[in-house]
Amino acid sequence: MATVQEKEYVAQISKKLKKEQRALGYRRLRSNYGLLIGATIFAILVLLALIGPLFTSYGPYDMKVVDRLTAPGAQHWLGTDEFGRDLLTRLLYGARVSISVGLAVALLSSALGLIIGVYATYFKTLDHILMRICDGLIAIPGILLAIALMAALGASALNVIMALTIVFTPNIARVVRSAALVVREQTYIEAMHVQGASATRIIWQHIVPNTLSPLLVQATFVFAEAIISEAALSFLGAGIPAPEASWGNILQASKLVIYKAWWMVVFPGTALVLSVLSLNLMGDGLRDLLDPRVKHKSRKS
Amino acid sequence: MLAYIIKRILSLIPVLAVVTIAIFLIIHITPGNPAAAILGIEASQEEIEQLNQDLGLDRPLLEQYTSWVAHVFKGDLGDSIFMDQPVSEAIAEHISPTLSLAILAQVIAIILAIPFGMIAAYKRGSVADYSLMGLSLLGMAVPSFLLGLFLMLFVGVKLQWLPVAGYEPLSSGLWEHMKYLILPGISLGTIQAALITRMTRSSMLEVLNLNFIKTARSKGLHEMKVLFKHAFRSAFLPILTVIGQTFGTLVTGAVVVEAIFNIPGLGQLILNSIARRDFAVIQGVVLVVTLMYVTINLVIDLLYGAVDPRVRLERK
């Protein structure tokens with residue numbers, strides 16, 4: 001029997017250990033510049049999208065034909081578009097569209113991909129069927145599949161989310177599946193099986209938590225890809241329909257006035273690059289943070 | 001080797017089945033009646049029913065699918081309702097600009113990326129390495145259509161060095177042909193270059209740490225000879241794979257970039273068809289590009305299996 005003193009001693013040690021672990025985690029986070037820079041830039045973009053529109057004195061659809069294609073200046077910080085609408089205001093509203101479409105696609109395809117991925121590893125026949133479907137969908141180039149789906153569904157923000165979710169889910173399912181396969185082969189899962197644990201219990205309590213880190217990393221990249229794809233679709237006229245503002249359809253309009261209005265190309269373009277770059281940095285950083293093996297490998301090479 | 005080839009080709013059957021089903025179903029996910037969507041709101045009930053019959057949309061789904069696939073096997077992709085022309089003919093007319101563009105982009109990417117990757121690996125940890133890696137990170141974050149717009153603005157509009165948009169076929173002279181393709185080629189090739197640079201760097205780094213490089217150096221070989229004759233040759237295979245595997249992405253990317261520079265390729269064909277709801281053309285283009293993509297990957301895999309026995313043994 002442990003005495004009171006011994007118990008206290010153990011408690012002290014475990015407290016100290018936890019503290020050290022936290023300090024180590026913090027150090028790893030702090031030395032992860034990519035993640036920090038990416039997260040900071042992205043947080044600023046999200047903040048701008050959320051509260052930015054409250055501070056502009058223009059509406060996203062306020063047209064002033066006299067002021068059309070005004071260069072950036074005191075009155076219109078980033079200039080105006082071909083209808084005299086304030087570009088800064090439209091970029092801020094566009095940020096809302098781009099970021100929410102990206103987030104929705106990342107969340108939906110993660111949820112679907114997670115379910116498909118873990119259940120596929122657990123049931124052999126299901127695995128064969130689901131993975132062949134994923135292989136087939138991955139074989140169709142993503143943007144083409146999205147274009148074809150948008151042609152059938154019709155242009156709208158909701159349909160963009162649906163089309164891109166169909167495009168990205170197979171990728172996530174594959175990533176989750178490969179992580180889940182490793183867990184499934186572990187002895188403790190076999191032991192649970194022998195003890196008579198139900199499939200639901202094993203899957204959701206033991207396999208799913210172990211697939212979350214690669215899923216999170218992949219979801220970050222899908223977020224970035226979805227923002228690019230939404231912009232590309234809108235640019236091609238198959239995404240968010242005008243007059244709603246989106247970075248892609250502002251760029252589409254900019255092509256027609258490229259001789260007169262450089263600001264309509266440069267500013268939405270920069271916004272797009274910043275959001276994608278910050279998300280990519282976050283994804284790389286998260287991978288280093290969550291998967292020490294990869295970090296070790298990259299350090300070596 | 002033969003077993004590997006057969007296995008690899010057989011593994012394509014389920015993929016192609018899913019691909020064709022997915023592409024076939026596209027027309028059926030249209031909200032409401034596809035024939036009504038194609039004809040627009042002014043169409044009468046009789047016209048819609050007529051088109052339904054012509055397209056075979058009144059038959060059971062499975063029957064429609066099998067007959068579509070049977071026709072595809074014979075090279076018949078259906079007729080474009082809008083252009084009044086077989087889809088395969090329309091695709092044949094539009095495919096060469098797309099391929100020209102994809103190939104040019106690949107060449108640009110290789111010319112830039114391999115020296116960059118080698119420099120980054122050789123001068124690892126230096127300013128050159130960090131700036132090249134930073135550039136490649138940026139290169140991967142700028143979507144090709146956006147880079148195209150930027151180039152159009154700076155090189156075409158501000159500097160006026162190259163035409164902003166348009167296309168001339170190869171028959172009007174090599175320079176005329178290239179003049180219009182350089183900017184689209186760079187926009188498309190940049191992401192590819194970023195990818196290949198990273199691959200070259202990591203592949204070279206792996207090789208540069210090996211003993212035979214140390215041996216080559218210690219016997220007093222010139223650094224250039226060590227780098228090119230010894231290191232690059234062994235590092236080349238993974239680089240080649242990445243080049244091959246991503247060529248399919250370039251063909252798809254070309255479809256998007258064409259739209260910016262008004263190049264009359266497959267991209268323009270599919271985009272024009274969206275507004276016209278010309279589903280036969282949309283399905284045809286997606287199918288043809290996907291088949292190209294799948295075939296390229298197959299060839300790469302087979303070549304890789306031929307060169308590196310580990311690949312074909314591993315997959316048995």
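Guide: Gladly, and please keep in mind that this is a predicted model. Let us begin with chain B, where UniProt, in an unreviewed entry, places the feature "domain: ABC transmembrane type-1" at residues 95-304.

Visitor: What does the chain look like over residues 95-304 of chain B?
Guide: That span is 84% helix and 0% strand, with its end C-alpha atoms 28 Å apart. Chain B as a whole has 14 helices and two strands, and its C-alpha trace spans about 85 × 55 × 35 Å along the principal axes. Of its 316 residues, 49% count as buried.

Visitor: Where does the record put the "transmembrane region" feature in chain B?
Guide: The unreviewed UniProt entry lists several stretches, among them residues 235-261 and 281-307. In the model, residues 235-261 of chain B are 100% helix and 0% strand, and the end C-alpha atoms are 36 Å apart. Residues 281-307 of chain B are likewise 100% helix and 0% strand, with end C-alpha atoms 39 Å apart.

Visitor: Let us turn to the rings. How many aromatic pairs are found over all chains?
Guide: A search of the whole structure finds 10.

Visitor: Why is the pair of Phe235(A) and Phe145(B) called tilted?
Guide: The ring centres are 4.9 Å apart, and the limit for a pair is 6.5 Å. The planes stand at 35°; stacked would need under 30 degrees and edge-to-face over 60, so the pair is tilted.

Visitor: What makes this a pair that joins two chains?
Guide: Phe235(A) lies in helix H8 (residues 199-235) of chain A, while Phe145(B) lies in helix H8 (residues 144-158) of chain B, so the pair joins two chains.

Visitor: How do you know whether Phe235(A) is buried or exposed?
Guide: Buried means under 20% relative accessible area. Phe235(A) has 5%, so Phe235(A) counts as buried.

Visitor: Which residues form an aromatic cluster in chain A?
Guide: Tyr119(A), Tyr122(A), Phe123(A) and Trp204(A) form one cluster. The charged end of Arg184(A) also sits over the ring of Tyr122(A), 5.0 Å from the ring centre.

Visitor: How do the axes of helix H10 of chain A and helix H7 of chain B cross?
Guide: The axes of H10(A), residues 263-290, and H7(B), residues 127-141, come within 9 Å and cross at roughly 120°. Roughly perpendicular covers 65 to 115 degrees and roughly antiparallel begins over 145, so H10(A) is oblique to H7(B). The crossing is right-handed.

Visitor: Helix H10 of chain A also holds Leu277(A). Why does Leu277(A) count as buried?
Guide: Its relative accessibility is 18%, and the cut-off is under 20%, so Leu277(A) counts as buried.

Key: Residues numbered from 1 in each chain as written. Chains lettered and ligands numbered in written order. Predicted model: local features only at pLDDT ≥ 70, side-chain atom pairs only at ≥ 80, totals over all residues. Heavy atoms only, no water. Phe/Tyr/Trp six-rings, centres within 6.5 Å; stacked < 30°, edge-to-face > 60°. Helix = DSSP H or I, 4+ residues; strand = E, 2+ residues; numbered from the N terminus. Buried < 20%, exposed > 50% of the residue type's maximum accessible area, 1.4 Å probe, protein only. Lys NZ or Arg CZ within 6 Å of the ring centre and 35° of its normal. UniProt positions renumbered as here; feature names shortened; annotations may be inferred. Axes fitted to C-alpha atoms, helices over the stretch in contact; angles between N-to-C directions. Parallel < 35°, antiparallel > 145°, perpendicular 65-115°, else oblique. Left-handed = near helix turned anticlockwise from the far one by under 90°.
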